[in-house]
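Subject: Structure handover

Dear colleague,

Please find the structure below, followed by notes on what was found in it.

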Amino acid sequence: MGDTERSSILVHILVIALCLTAFGFAIAAERRRSTGSIVTDSFNSTFCVYDSDIATGYGVGAFLFLLSGQSLLMVVTKCMCFGKPLAPGGSRAWSIIYFASSWVTFMIAESCLIAGATKNAYHTRYRHMVYAGSWTCESLRKGVFIAGAVFVVFTMILNVYFYMYYTKSTSQAAKKINKTTPNVGMTGYA
């Protein structure tokens, strides 16, 4: 096994480990979302009391781990723009498709994670000014962190395939086509 293969395996392992850690943090954030209960104080004012804000930290952690995994892969591949040229063929086409797809799923996952963390951190304090009978304490909707976790897995899979096809395309030698003179002879008539 050469140095290139070892470094390729190491990059795969690091990207998978960072993405799985982000997945675990996203699942933990979903399970520990803040929930509020309505409490009345001595002045007869009602307000919301929230149990925990740990899900915000988990969501930010998932965001940062996924960001570091994506950043690692883009640094190694030089974002497909500045490194060795890709050899023409199927591997180059697949690496471009997986590159674009992984960025789309990465942006969706990061949006879900940071939106969930932000929304989870927002808490309604006093509600005595609101005259609504069925008004409840605002909390994060179920499934926001789960959607982020699902897109983290999609991003991980697409990143693994992208790097696999990228290394295959950069390691192939570009095929040279030898242009020879035309086979049809052009002679003059005497």
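**Core**

The largest nonpolar core has 26 residues, and those touching the most other members are Cys19, Leu66, Leu73, Leu113, Val152 and Phe162. Such a core is a set of buried Ala, Val, Leu, Ile, Met, Phe, Trp, Tyr and Cys residues joined through side-chain atoms within 4.5 Å. At least two residues of this core come from each of helix H1 (3-31), helix H2 (54-77), helix H3 (90-121) and helix H4 (144-171). H4 gives the largest share, nine residues.

This is a predicted model, in which local features need pLDDT of at least 70 and side-chain atom pairs count only at pLDDT 80 or more, while totals for chains, interfaces and linings use all residues. Residues are numbered from 1 along each chain as its sequence is written, and side-chain values use heavy atoms, with hydrogens and water left out.

**Overall layout**

The chain holds four helices and two strands, in the order α-β-β-α-α-α from the N terminus. Both kinds of element are DSSP runs numbered from the N terminus: helices are H or I with at least four residues, strands are E with at least two. Of the 190 residues in the chain, 33% are buried; the term buried means under 20% relative accessible area, exposed means over 50%, and partly exposed lies in between (1.4 Å probe, protein chains only).

Taking contacts between residues at least 6 apart in sequence, 81% join residues at least 24 apart, where contact means heavy atoms within 4.5 Å.

**Individual core residues and cysteines**

Valine 152 lies in helix H4 and counts as buried, at 1% relative accessibility. Leaving out residues up to four places away in sequence, valine 152 touches Cys19, Ala22, Phe23, Leu66, Ala109 and Leu113.

Phenylalanine 162, with the same exclusion of residues up to four places away, touches Leu73, Met74, Thr77, Met80, Ser95, Tyr98 and Phe99.

Cysteine 19 is buried at 1% relative accessibility, and cysteine 112 is buried at 18%. The whole structure has zero disulfides, a disulfide being a pair of cysteine sulfur atoms within 2.5 Å.

Histidine 12, in helix H1, is buried as well, with a relative accessible area of 18%. Apart from residues up to four places away in sequence, histidine 12 touches Val160, Tyr163 and Met164.

**Aromatic pairs**

There are ten aromatic pairs. Rings of Phe, Tyr and Trp (its six-membered ring) pair if their centres lie within 6.5 Å; planes under 30 degrees apart count as stacked, over 60 as edge-to-face and the rest as tilted.

The ring centres of phenylalanine 25 and tyrosine 58 are 5.8 Å apart with planes at 50°, so this pair is tilted. It links distant parts of the chain, with phenylalanine 25 in helix H1 and tyrosine 58 in helix H2, 33 residues apart. Phenylalanine 25 is partly exposed at 24% relative accessibility, and tyrosine 58 is partly exposed at 25%.

Phenylalanine 25 also pairs with phenylalanine 65: their ring centres are 5.4 Å apart and their planes are at 15°, so this pair is stacked. Here too distant parts of the chain are linked, phenylalanine 25 in helix H1 and phenylalanine 65 in helix H2 being 40 residues apart. Phenylalanine 65 is partly exposed, at 28% relative accessibility.

One aromatic cluster is formed by Trp94, Tyr98, Tyr161 and Tyr165.

**Record annotation**

The unreviewed UniProt entry annotates residues 9-29, 55-76, 96-117 and 144-166 as "transmembrane region". UniProt positions are given in the numbering used here, feature names are shortened, and annotations may be inferred rather than shown by experiment. In the model, residues 96-117 are 100% helix and 0% strand, with the end C-alpha atoms 32 Å apart. Residues 144-166 are likewise 100% helix and 0% strand, and their end C-alpha atoms are 32 Å apart.

Regards
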